[in-house]
Amino acid sequence: MNHSVATIKAIAKRELSSYFTSPVAYVFLVIFLLLAGFFTFTVGNFFERGEASLSAFFAWHPWIYLVLVPAVGMRVWSEERRSGTMELLLTMPVNAWEAILAKFLASWAFLAIALALTFPIVITVNVLGTPDNGMIFAGYLGSLFLAGAYLAITCMTSAMTRNQVVSFILSVVLCLFLILAGFNPVTDMMTRWANPALVEIVAAFSVVTHFDGFQKGVIDTRDLFFFLSVIGFALFATSVIIRNHRAG
Amino acid sequence: MIRIEHLTKSFGLKKAVDDLSFSVERGEVLGFLGPNGAGKSTTMRMITGFLPPSGGKITIGGHDVVEDALAAKRLIGYLPENAASYPDMSVEGFLGFTAELRGLNGAAKKKAVHRVVDLCFLGSVLHQQIDTLSKGYKHRTCLAQSLIHDPDVLIMDEPTDGLDPNQKHEVRNLIREMGKTKAVIFSTHILEEVDAACTRAIIIDRGRIVANGTPEELRNMSDLAGAVTLSAQGADQAKLAALPEAARVESVNGAALRIYPKDKAASVALARSVMELVGREGWKVEALRTEEGHLDEVFRRITLPDTVKK
């Protein structure tokens, strides 16, 4: 156990610091904060709503993450495969699952840093009114898990190919499916020709459905379980892909 | 230390490695030779636990590479084929990272990094980012990584590939030095390296072992081994061929005669009787030498496809 913790720590530390040694991290942070601000204030009419809440802020996260999370995660494994460092890493006394988990956690921590940097909006809303800060906390938690689910899927697509662009496109498509399955215009369209029970099952796979609760300030264990199982499944799939790749 | 039994690896229908068995003990340096695509890298990747074997068994210091992977990997230092490393890290950061993965922390980590930095002459680039380094330095950085935990087993895939002659010389010396206390396997297709660094060599072709022995033994497989080449005024081919030890005599470039022995082990006797014959006949000798046999000739003869040979 001790060995695993030390290994995961070493790999995660390297991975996280590699974000900050390249300009990628800063470009990403700036774009993320700009987009979050733009959608909240301009598209989401933050001020005109006259609400002391961050619903205008969180509502756009599934869409902002759709492009930005795959951009963060696409290099996680494909770069290792392309440059041959995967061979180096996996011939160290390291279990594949430790490396997979460590890399996921490092990228997730990076996304958490990006999310934490949106704190001025929490201050703004607290200065302007008296929001329910518990609800805001739930929103942040949900947003973090949403990012985690996208990221795990990106890790999986990244393990499939040595080409980062392919990995990016695949993960965007998969994540888009996870949004659309529960996106109101799509579910409305589906109810016209499909069994409502079926529509509900499909919608249950959507991140939007499960993210809604968090936005309303409800931390439901079922929603947490959904996000954790998406993460768990995608990371397990990553390990299968890596094992198959090595088996030739 | 390294024991390989009936190792097989197939990619689809293609057998990359076919029933390979050999072992390497501490104090041995095994040169792994073979043409491109013979299965050298695949074998090394299986020994280091990167690729799972399709069949057979590999044990490192008694630990099965598949069953007890971590224990086996702890004993191994590995230099992969392209000497890959993380380009965005500094040399010091990279070596520190690999030290941590090997379970070295704090003072032990610092000491290990310093030791390999001295060993691989990396002091001057310690804080430089790896992708700004020249190929030789990148290579040595990865080499340093493989030595950081002072492993009992060292596996190196083409350790001198892409280095300049001075660096090649240094790396060979390093391998020879390491081989005194460790079990070393390195692959190469530079045959002079076999003489420079190996205690034993294996030649593989299309996944099978086709020769296994000391460099001396391999050289003796050459036709040329033990032949006497004589360059002398008045030398007579027929008289030389009549010597009891001589199998046949050939003319080399028209200037010299080469006498092949019937028995390679008796090449000294052949040389002696040639000398006696020269003395009796009074030929004026310009040059006389016993040939050693060339590894590249042996290599070519046993690894060329049959069609090319004829």
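Begin by selecting B:Lys40, which counts as buried because it has 26 C-beta neighbours inside 10 Å; a residue is called buried if 20 or more other C-beta atoms lie within 10 Å of its own, exposed if 12 or fewer, and partly exposed in between, with C-beta atoms placed from the backbone. This is a predicted model, in which local features need pLDDT of at least 70 and side-chain atom pairs count only at pLDDT 80 or more, while totals for chains, interfaces and linings use all residues. Residues are numbered from 1 along each chain as its sequence is written, and chains are lettered from A and ligands numbered from 1 in the order in which they are written.

B:Lys40 lies in helix H1 (residues 40-47) of chain B; here helices (H or I, at least four residues) and strands (E, at least two) are DSSP runs, numbered from the N terminus. Which residues are in contact with B:Lys40, leaving aside its neighbours within four places in sequence? They are B:Phe32, B:Gly34, B:Ser187 and B:Ile204, where contact means that the C-beta atoms of two residues, placed from the backbone, lie within 7 Å.

Next, select strands E1 (residues 2-11) and E4 (residues 55-60) of chain B, which run antiparallel and are joined by five bridges; two strands pair if DSSP finds at least two bridges between them. Within this pair, B:Thr8 has B:Gly55 of E4(B) as its bridge partner.

Zoom out to chain B, whose secondary structure comes to twelve helices and 14 strands, and whose C-alpha trace spans about 80 × 45 × 30 Å along its principal axes. Colour domain 1 (2-220) and domain 2 (228-291) separately, with bounds that come from an automatic or database domain assignment; their C-alpha centres lie 45 Å apart.

Now show both chains, and select the 21 residues of chain B that are in contact with 20 residues of chain A. On the chain B side, helix H2 (69-75) and helix H3 (91-101) are the elements that give two or more residues. By class, that side has eleven nonpolar, five polar and five charged residues, where Ala, Val, Leu, Ile, Met, Phe, Trp, Tyr, Cys and Pro count as nonpolar, Asp, Glu, Lys and Arg as charged, and the others, Gly among them, as polar.

Finally, move to chain A, which has 15 helices and zero strands. Select A:Ala149, A:Ala152 and A:Cys155, which touch the most other members of the largest nonpolar core, a set of 141 residues; such a core consists of buried Ala, Val, Leu, Ile, Met, Phe, Trp, Tyr and Cys residues joined through C-beta atoms within 7 Å. Helix H10 (residues 133-160) of chain A gives the most to this core, with 15 residues. Not counting residues up to four places away in sequence, A:Ala152 touches A:Phe104, A:Val230, A:Ile231, A:Ala234 and A:Leu235.
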